[in-house]
Amino acid sequence: MKRLLNFSTLTLIISFLILIGGCEKDISVDLPRADEKITVEAFIEPDSFAVVFITKNASYFDPVDTIAVANSIIKGNQALVIVDDGNNIDTLIPAIFPRWPYHGYKGTKIKGQENGIYNLKVFWNNHEYFATTSIPKIIPIDSIKFDKFSFNDSLGFFNIFWKDPIEIGNYYSVTVRNHKRHQWFYRPFFGIHILDDKIDNNSTMFYGPISQGYERNAYYNDFMDNLENIEFVDILAYRIGDTISIKLSTMDKMSFQFWSSWYRNLITAGNPFANPASVKSNIQGDPANGYWIGYGSYISKIHIVSKDSIEVLP
Amino acid sequence: MKKFLFLTIYTLLTISAFNQKYTISGYIKDKKSGEEIIGANIFVKNLNTGTTTNAYGFYSLSLPKGKYSIVFSFLGYKEEEVNIDLSSNQNLNISLESTAIITTEVVVTGEKKQNIESSKMSVIKLPVETIKALPAFMGEVDIMKTIQLLPGIQAAGEGNSGFYVRGGGPDQNLIILDEATIYNAAHLFGFFSVFNADAIKDMEIYKGGMPAEYGGRISSVLDISMKNGNMKNYEFEGGIGTIATRLTVQGPIKKDTASFLVSARRTYLDLLINPFISDSSRFKGSGYHFYDLNLKLNYRFSDKNRLFLSAYYGEDVFSFKSKEAGFDMNIPWGNGMLSLRWNHLYSSRFFSNTTLVASDYKFRTNVKMADENDQNGGFQFIQNSGIRDYYLKQDFTFIPNPKHTIKFGGSYIFHIFTPNSVSAKFNDIVYDLNTKAKQYAHETAIYIGDDFKINKKITLYGGIRAATFNQIGPFTRYVKDEFLLTNIDTIVYGKSESVAFYWSLEPRASMKISLDQNSSIKASFMQNKQFIHLASLSASTLPTDLWVPCSDVVKPQMGRQYAVGYFRNFFKDHYETSVEAYYKKLFNLIEYADGALPGDDVADNADNYFIFGDGYSYGLEFFLKKRTGRFTGWIGYTWSKTERTFPDVDNGEPFPAKYDRRHDLSLTSSYQINEKWSASMVFVYATGNTTTLPIGRYMIDGEIINEYGRRNSYRMDPYHRLDISVTYINKKTDRWESSWNFSVYNVYNRKNPFFIYFYRSGTVTDGTYINYAKQVSLFPILPAITWNFKF
């Protein structure tokens, strides 16, 4: 909330300054080229195989067309991706996934386990990258509440509650999947999807209101450009008959640091008054962006039966 | 402390006892108003020696028995020559008559040599009349804008409230108004300063070679004196301009004994603009104004005792209201100060000033979100930050003989910092975010300095200042892990318990060697520490920036500066020139860590998110000034380089400071066409500011992430601008003066860069994504008319 306010204050003040006489013009800026780097998006969850996406960065003003986009995706036998748990080695195989960049790599031997430690190795174009992560203890969702809208009680958002453990330093993320619409878990549209127990340690924590998830790259920009023509609630709220999975994932400190710096980069991007924020990657070896995260995930699947009842599915 | 004082006084008195001399002392005033003149010259013709008046218009000169011809002078005044036969201590108060319009090339006897004769270097003094002669921005005469035209002092550009002295940060400038610290000297992000020129008498800025009586900041001192108020007659002065109205009233409470001055100013830009904003505009409901109030009272009990009370209060208020959205926001920020000073003359050679000050800076955000259906008040959010000082200062000036001017004294400040206090209320639920904790600190200092005229050629200044800083409880330190994520421990300090203690010993020295009657060379050295820092989350200076004390994790900033200069006057002192070179090293500077955000200090300490580093700056400053005549003005040029090194930025490689500027040129001139008309112009050119821009991009979880280039590695276009103004005096009598000022800001409508931002459109994944760079400029060509009056 506060972040939003600070930003809007600044926006208003700047708008006001421009209103009293300022102006803006398109300029061309001569920027140095960015070094070629890969971006790794990789995770492993309990009872699941590792999933790895690899893409390439681009210089800021590089043209973006369908060919450039296709070329930015590393797929098939272009890279060698290996996961090990200290005992076994899993060479990932190329696979197709229902989210951008669609092409990625998937494990076939090692499934994630609570408290397991996993190493990732990527070989690409004579470069070598590696990272280590662990899957923290799973923390179950205690209860789910459906919050109906006052103006339309067939629509609403969810709130979830869970008990934070006694020791401080637990990090969470919340993602959702509406089974009617999505084949993947996405960040909810509203809010920041990660949180820690800095303030609420050892108490009942809650996250909400949880809106529908969004696959950003596919719709997001169009959505932002057409805000005025879109019925907000229609897209963001849940309705009677929906089946939803809510995933509460725990993660280690490095992973939380990655996501918080990622948010800082997003929030400060384009704000000329902010200090630039770099995303803190946990990928080591040759220079790379991205993450390798072990999530301790707990999933609650629910069905909205009527405006007053939700059913928790097994 | 007592012992130190006693010994000092004893030593000083002993020195003087060996020199059997008589003292001539007194005040120099303006004949018409009775206002004391600061920095007026006293020149003994027969001995070719002299002195100047201090900040209270007082002078003291000890001479051997004899007959002297003494000239009293000040720029813009007719000089007075007095013949005296000195055989005992004498009190001599002098009133000088102002020469309102300089129609002939006036030759000033005494003052001309100050710049080459004094041991002080890197100091510039500007009477408010000089400032008023230059073009005013939107009709508002501005001290801060004018000092930024001097070499070595940089404006950060439009939209930035700070100024930068010789590569130092905006928090490293000590700005004092009648001895009280002003923490934020800017209105509207630096477009105007908080100093209403009608209430100001004089200002002096030290870029280096700071005397020992000043401390607490490492780059510069801007010492501003308010007018005392007319001791003889009531006077009304004011102006009605394009964006603001001013009114100053001054006069005697008791003739020649007590006087007052009240000055007020308010802008009405909001009132003018609002009717033109359409109802559908997103700016509808927004408003902005600022106001200032100055008050001064002074009472002269006798020639030996005098009391001054100064007060200032000013505020900027930004507001935004939207009935439809149920949104009501109000953001006020501003300074207040109250200063009480007592001048006492122990003897004609021993001057004392005692100061008591309360000074305050506050920034506040009030937000209320509630629609008509909200019975319980909806959402409310209040944020507070600021700093408050209580200050006690004792200064002594002792002039045992014309060779020595010794100043010594001490000060004590009690600081109260409000780092970032947040409270929120949602209907009946109050969220206590545990941020109300204030921070407290004691700061003390003692100093002594002597300006010693060794002989006619050499003058030496030596001084030392010792200071301590003690942050005390109550205070809670949140100890973080290496990732700055988890609080692994908390340390709670009780009331008055010491959290951190620092001390500093600050030598100051300068020397002048006269080469001939018209030229001298000077050198200076100073070392200072600064116990408070201004933490800026943004790349520019904003009123939201936090003042934070040194603590167990934040060390004092330190500066060390060396300077040399050559000073020369030409053409019977009508022209003065100087070249100064400086090298400055800065230690323990702070910045926020990468991507720190407001709100990080909730249940935390803001200083946990600081990173620390050092810096240096060197430069060459050229100054040429035409002081007298119909045509006056100056050219200032600075070549400089300023870099910072932070281990956490760019792997510890040096990077240019935000305000690193290779070239900085200012040209000012004013011309008195005739008794009715005068004209002036200002031209500035500065290398573009640095900024950090993204050089690459990549995608994570469907979002485009920026990859930034090296810190401050991109330089924006240069800044340049020409302003002109014309003043027409349509009536001028002894009783009534009325004039019109026509000014044009940014005559050739230069679009100077304020900031660059990037605009995106389309979607990466379907190949329609495009990035544009846009440059925002603030002020286009801006004409303004102001009517000024005085009676």
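In chain A, the C-alpha centres of domain 1 and domain 2 sit 25 Å apart, with domain bounds taken from an automatic or database domain assignment. Where they touch, 12 residues come from domain 1 of chain A and 13 residues from domain 2 of chain A; a contact here means that the C-beta atoms of two residues, placed from the backbone, lie within 7 Å. On the domain 1 side, helix α5 (residues 253-268) of chain A brings the largest share, 5 residues. That side has 8 nonpolar, 2 polar and 2 charged residues (Ala, Val, Leu, Ile, Met, Phe, Trp, Tyr, Cys and Pro count as nonpolar, Asp, Glu, Lys and Arg as charged, and the others, Gly among them, as polar). As for the bounds, domain 1 of chain A is 34-136 + 254-293, and domain 2 is 143-251 + 297-313.

Keep in mind that this is a predicted model: local features need pLDDT of at least 70, side-chain atom pairs count only at pLDDT 80 or more, and totals for chains, interfaces and linings use all residues. Residues are numbered from 1 along each chain as its sequence is written, while chains are lettered from A and ligands numbered from 1 in the order in which they are written.

Over residues 1-10 of chain A, pLDDT stays under 50. Where pLDDT is low, the predicted coordinates should not be read in detail.

Note on methods:
pLDDT = per-residue confidence, 0-100. Helix = DSSP H or I, 4+ residues; strand = E, 2+ residues; numbered from the N terminus.
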